[in-house]
Each structure stands twice: as structure tokens, then as C-alpha cells.
Amino acid sequence: AAAGMGSAAVTRACDSLLAAALPSAPIDTFISIGYAGSLSCGLRPPDACAIREVIDAATGERFSTDPLPDPAPVPIKPQRLITVARVADPQEKRRLAEQHQATLVDMEAAAVARFARSHNLRFLCFKAVTDGPNDRLPDFNRFTNPEGQIRIMSFVAWALVHPGYWRPLRRLGQNSRQAAQELSNFLSRTLSGSIK
């Protein structure tokens, strides 16, 4: 979130984190934590879940996550997530679900997974759902600068003259707040005692 959306921003953030690691406390695991859109009616906002496999839609690469603490403190049914370059509309979500048998879509996890694997680090992934399979959202990419940050004023000006998106955006904001809390609770239960 601090680095911005998309693969390039996430890779820059991973590089910075690894460079900042202290010799006395080396990094051995990268965890992708954030929001995702649901491709399945079985997952709805603000559900939070663990990911078992990440697929890069652009390259077809597949990245399995490393095992969770054994035994896991809570019963978990891990999901398959696909990473795309743009916000997926309902039609694209249906195509992704059918083609990849994925249940979630995001824009960053594959970049984190690729970085972790290239540096021989463990990789875990946890996501919270902010939008459902039929939710129609704006294409945020057109308002994103090269650093992966949203140009807020441009987006607000556009949204003001597109009232059809007002209700979905309000719902997305509410879902995001609830999803953040749900993800926090999920991580506390799942990783309790395993992250030092």
C-alpha cells in the first residue's frame, strides 16, 4: 500500500525491504497481505483467507505458498488467486474464474511471490475480499501514476461526473474498512506465535 499498486511498485518495495534488513535479523519470509476481488459467490466482502497458489495472468507462472504453521491454529481452506495488471470488470472476472479455476483476483501477489522465489525466501499470502464477482468498479489504472500511486484529484473529478459509480465506490469504501479489520483478526488467529 505504501509503495503503490501494481507489479513495479511492489517490486520496488520488496527491494527496499530486503536492503533494509539487518544482519542480526535477516528476512526469511515475504508475506503478501492485502485486498482482493472475489471471483466466486462463495467468497464475499469482508471475508479473509489464506492463499495456496498465486497465478500470474500475464505469464502463466504459478507460485505455491509455503506451508502455514503446523498445526494451523484455525481451520483454513486456502484459495487460488490470480494477479492481473488492471482492475477486472464482471466479464473479466468470469473469464478468469473459468480459465484458471481461481477464486480471487488482485494486482500484486504474483510480483511478491516472484521476488521471494528469486531470493530463496519463503512466501505466504493472505487476502481480504473488498468486491464481489458482479461488482462494477472504475478502472483505477487510468488514474495511477508511474509510481503506482492514485492521482486523487483527477479521480475525484472524474467520479463527480460519473454518478453511476457513486454507490459502488461508497460500498467499496465500506467493504475495505471491514475487510481490513477482518484480515487483521484472521492474521492474529492464523499466525499467532509463528511470527517473531
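Arg80 makes contact (heavy atoms within 4.5 Å) with Arg52, Glu53, Ile55, Arg62, His100, Gln101, Ala102, Thr103 and Leu104, leaving out residues up to four places away in sequence. This is a predicted model, where local features need pLDDT of at least 70, side-chain atom pairs count only at pLDDT 80 or more, and totals for chains, interfaces and linings use all residues. Residues are numbered from 1 along each chain as its sequence is written, and side-chain values use heavy atoms, with hydrogens and water left out.

**Arg80**
- Arg80 sits in strand 4 (residues 79-83); helices (H or I, at least four residues) and strands (E, at least two) are DSSP runs, numbered from the N terminus.
- Arg80 is buried, with a relative accessible area of 16%; buried means under 20%, exposed over 50% and partly exposed in between, with a 1.4 Å probe and protein chains only.

**Nonpolar cores**
- The largest nonpolar core has 22 residues, and those with the most contacts inside it are Phe30, Ile51, Val54, Leu81, Leu104 and Phe123.
- Such a core is a set of buried Ala, Val, Leu, Ile, Met, Phe, Trp, Tyr and Cys residues joined through side-chain atoms within 4.5 Å.
- At least two residues of this core come from each of helix 1 (7-20), strand 1 (29-38), strand 2 (48-56), helix 3 and strand 6 (122-131).
- Helix 3 provides the largest share of this core, seven residues.
- Another core, of ten residues, lies apart from it and includes Ala50, Leu124, Ala128 and Leu183.
- Beyond its neighbours within four places in sequence, Ile51 is in contact with Thr65, Pro78, Gln79, Leu81, Leu104, Cys125, Phe126 and Lys127.

**Helix 4**
- Phe155, Trp158 and Ala159 are buried in helix 4 (residues 152-160).
- Seen down the axis of helix 4, its buried residues fall within an arc of 100° (taken from the directions from the helix axis to the C-beta atoms), so they line one face of the helix.
- Helix 5 (166-190) is included in what covers these buried residues of helix 4.
- On the other side of helix 4, Met153 and Leu160 are exposed, and Leu160 has a relative accessible area of 57%.
- Leu160 and Ala85 are 75 residues apart in sequence and 25 Å apart in space, C-alpha to C-alpha.
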